[in-house]
Amino acid sequence: MSGKKVEKWVQEQAMRFEQQVTNGMALDSDMLLDDLIDRWFEEYANKHLKPKTLYDYKRMRPRITAGLGHLKVSKIKPAHLMAFYDNLEEKGIRQDSSFTATAALLKLLPHGTRGALAKEAGVGQDTMRMVYAGKGVSKRTAEKVSAAVGLAVSRAFNEHPKKGGKLNSNSVLHYHAMLSSVFRKGVQWGLINENPCARAERPKASEIYVETLDEEDIARLLEALAGAPVHFSVITQLALLTGARRGEICGLRWSDIDFEKGTLSIKRTVQFIPAEGIVFTSPKTKRSRRCIRIGADCLELLKEYRQHQIQERLRIGSKWARKVTIENGKVVDNDMLFTRWNGEPLDPETVSTWFPRFLEEHGLPAVHFHSLRHTNASLLIAAHVPITTVSGRLGHAQTSTTLNFYASAIQSADAAAADALEGVIKIREKAHA
């Protein structure tokens with residue numbers, strides 16, 4: 001390279017660096033981790049992460065600040081991270097709070113408004129009675145009620161922390177994932193030569209325990225659902241019949257159902273984000289966006305439910321929400337399958353709150369709503385459906401995920417197949433005796 005070319009290259013690099021500084025992209029290599037995290041949120045997380053992930057990371061930030069935030073980025077070693085992870089797993093780290101209504105809130109809520117407020121906030125009548133009675137409710141409930149009356153949570157509710165719990169291993173893994181992303185950006189921005197998370201021992205995930213219902217309990221559940229609220233009944237049956245996730249089911253539109261082809265398409269998921277409300281996003285991964293073939297019974301269930309919803313819309317009249325904002329901020333005609341009383345999107349958490357109470361009332365095993373997804377997968381595996389097909393229907397990013405989750409179900413199916421083959425051999429032996 002000639003002298004003039006070298007000089008030109010140096011000038012270009014100097015101009016490029018100056019531009020980076022002007023744009024706020026050049027960072028001090030001795031900056032604190034707290035400062036790097038600020039930049040990470042501003043330049044990356046706020047723009048690229050899904051709302052629920054972003055919300056969770058913002059909630060995790062204070063613990064990282066307390067444990068590591070004062071350290072210089074360039075000085076952080078794997079040992080610092082390991083000590084931080086160990087601390088997270090110590091007893092007393094977790095603090096769960098309950099929330100009780102303040103006098104200011106109760107003053108705004110005369111008894112005659114109880115039912116209307118429960119509807120507006122999207123919480124159950126039993127939960128609202130707990131608020132009125134001064135009993136502790138969850139943070140999510142406090143946020144919903146506060147938003148419905150237009151008060152800050154701090155003014156509407158008193159917080160009562162409960163100390164002494166431990167974070168589970170999966171929670172510690174989330175901290176590891178966030179820090180790894182922060183440091184990865186630090187490498188990309190030229191602040192550090194390597195990501196210390198890459199050399200730190202990764203926290204171990206909790207052992208996978210899959211709860212399922214057996215065939216007898218499924219029959220009892222389906223029988224009990226005849227007396228359940230219609231939308232909850234259909235949501236529960238869809239979880240059993242399709243294996244779809246709770247948020248995926250609550251995000252379904254009628255345009256996602258093809259009655260002629262007998263298919264149901266998963267194109268979005270819905271979540272409740274405090275301070276934002278109901279948020280629609282694209283599915284977790286590319287494979288989570290999928291088309292599921294459904295049987296005649298499922299199609300009939302959906303047809304009957306559609307007629308029920310049409311009648312509800314006519315009954316509610318002008319109060320029914322005509323438009324809904326779905327993923328990517330797109331506003332469409334409201335053709336949601338599952339909604340609140342007035343047609344507004346349904347918070348999936350209301351399903352998870354209702355389900356265990358329903359099981360208890362009918363003497364059914366105490367499983368999570370997500371267990372219906374596991375039950376669907378286990379039934380498919382027991383029927384010797386290829387694992388690649390099961391994985392595709394569930395929307396797992398990789399077949400290995402399905403294998404890890406349902407190893408015991410696969411082993412049971414293999415054992416049943418072996419027993420069947422043994423029976424065939426015995427029949428053959430008798431025939432040749």
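**Aromatic rings and salt bridges**

A: Ring pairs link F232, W354, F355, F358 and F369 into a cluster. The model is predicted: local features need pLDDT of at least 70, side-chain atom pairs count only at pLDDT 80 or more, and totals for chains, interfaces and linings use all residues. Residues are numbered from 1 along each chain as its sequence is written, and side-chain values use heavy atoms, with hydrogens and water left out.

A pair of aromatic rings is described by the distance of the centres and the angle of the planes. Rings of Phe, Tyr and Trp (its six-membered ring) pair if their centres lie within 6.5 Å; planes under 30 degrees apart count as stacked, over 60 as edge-to-face and the rest as tilted. By this rule there are 13 aromatic pairs. One of them joins F232 and W354, which are stacked at 4.6 Å centre to centre with 20° between the planes. F232 belongs to helix α12 (residues 230-242) and W354 to helix α15 (residues 348-361), so this pair ties together parts that are 122 residues apart in sequence. Helices here are DSSP runs (H or I, at least four residues), as are strands (E, at least two), numbered from the N terminus. Both F232 and W354 are buried; buried means under 20% relative accessible area, exposed over 50%, and partly exposed in between (1.4 Å probe, protein chains only).

The rings of F405 and Y406 have centres 6.0 Å apart and planes at 35°, so this pair is tilted. F405 is partly exposed because its relative accessibility is 32%, whereas Y406, at 2%, is buried.

Now the salt bridges. A salt bridge is a side-chain nitrogen of Lys or Arg within 4 Å of a carboxyl oxygen of Asp or Glu. The whole structure has 19 of them. One joins the side chains of R268 and E327, at 2.9 Å from N to O. This pair links distant parts of the chain, 59 residues apart: R268 is in the loop between β4 (263-266) and β5 (269-273), and E327 in the loop between β8 (323-325) and β9 (331-333). R268 and E327 are both buried. Another salt bridge is formed by K323 and D333, whose closest N and O atoms are 2.5 Å apart. K323 is in strand β8 and D333 in strand β9, 10 residues apart. Through shared partners, salt bridges join D256, K267, R268 and E327 into one network.
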